[in-house]
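Please open the model in a viewer and keep the sequence panel at hand. The stops below state what to select and what is found there.

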Amino acid sequence: MARFCELGITTDIIIGKGIEITELFDKRILIEKTSIRPTKDPGKGGSPFCMQMQVCLAKFGENNEYEKDELGNAIGERRSCFTGSTVLISAIEHAEKTMNHDQLYPIDTTIVKSGKCFKFT
């Protein structure tokens, strides 16, 4: 009988305890993965889409780059965040169309609130 781990199947799931997007404002983070899907609840903004992000509250060294473990992964706490922000969703979609997926992630960014909108800096 085969063991699942021997099948070579990997999943590309987003991990981490949920965090409100407002808790990420003005903090330097790494976006490691995103998933954009039709929303089940349009909410205040009425966006038809919802984006889930896996973020890493990374440690940044003196050289202003994030610290990595022996496998090359960022050192820090992983959290999961949902947003219906059309500005953030369209920015990620544009970045994914512009760059190769493997070269895009992780994205070093800060999320800021500008008026009623959120944006990456």
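Two strands are taken to pair if DSSP finds at least two bridges between them. The model toured here is predicted.

**The whole chain**

The chain contains two helices and six strands, and from the N terminus on its elements follow the order β-β-β-β-α-α-β-β. The C-alpha trace spans about 55 × 45 × 30 Å along its principal axes. Of the 121 residues, 31% are buried. Among contacts between residues at least 6 apart in sequence, 61% join residues at least 24 apart.

Start at strand 1. Two bridges connect strand 1 with strand 4 (residues 76-83), and these strands run parallel.

Move to strand 2 and strand 5, which run antiparallel and are joined by four bridges. Select Ile29 to see Thr109 of strand 5 standing opposite.

From strand 5, continue to strand 6. The two pair in the antiparallel sense over four bridges, and Val112 has Lys119 in strand 6 as its bridge partner. Strand 5 and strand 6 form a hairpin with two residues between them. In the turn, select Gly115, which has a positive phi of about 65 degrees.

Is Phe118 buried or exposed? Phe118 has a relative accessible area of 18%, and so is buried, the cut-off for buried being under 20%.

Which residues is Phe118 in contact with, leaving aside its neighbours within four places in sequence? They are Ile21, Phe25, Thr83, Ser85, Val87, Leu88, Ile111, Val112 and Lys113. For a distance check, pick the C-alpha atoms of Phe118 and Ile15: these residues lie 103 residues apart along the chain, and the atoms are separated by 23 Å.

**The nonpolar core**

Select Ile21, Ile31, Met53 and Ile111 together. These are the residues with the most contacts inside the largest nonpolar core, which has 18 residues. Strand 2, strand 3, helix 1 and strand 5 each supply at least two residues of this core. In general, nonpolar side chains in soluble globular proteins tend to be buried together.

Not counting residues up to four places away in sequence, Ile21 touches Met53, Cys81, Thr83, Leu88, Ile111 and Phe118.

**Thr34, a polar stop**

Select Thr34 in strand 2. Thr34 counts as buried because its relative accessibility is 18%.

Residues up to four places away in sequence aside, Thr34 touches Ile14, Met51, Gln52, Met53, Ile92, Glu96 and Tyr105.

**The cysteines**

Finish by displaying the cysteine sulfur atoms. How many disulfides does the structure hold? It holds zero. A disulfide is a covalent bond between the sulfur atoms of two cysteines.

Select Cys81: the closest cysteine sulfur belongs to Cys50 and lies 9.1 Å away, which is too far for a bond, the cut-off being within 2.5 Å. Cys81 is buried, with a relative accessible area of 0%.

Then select Cys117. Its closest cysteine sulfur, that of Cys81, is 16 Å away, and is therefore too far for a bond. With a relative accessibility of 39%, Cys117 counts as partly exposed.

Notes. Residues are numbered from 1 along each chain as its sequence is written. This is a predicted model: local features need pLDDT of at least 70, side-chain atom pairs count only at pLDDT 80 or more; totals for chains, interfaces and linings use all residues. Side-chain values use heavy atoms; hydrogens and water are left out. Buried means under 20% relative accessible area, exposed over 50%, partly exposed in between (1.4 Å probe, protein chains only). Contact means heavy atoms within 4.5 Å. A nonpolar core is a set of buried Ala, Val, Leu, Ile, Met, Phe, Trp, Tyr and Cys residues joined through side-chain atoms within 4.5 Å.
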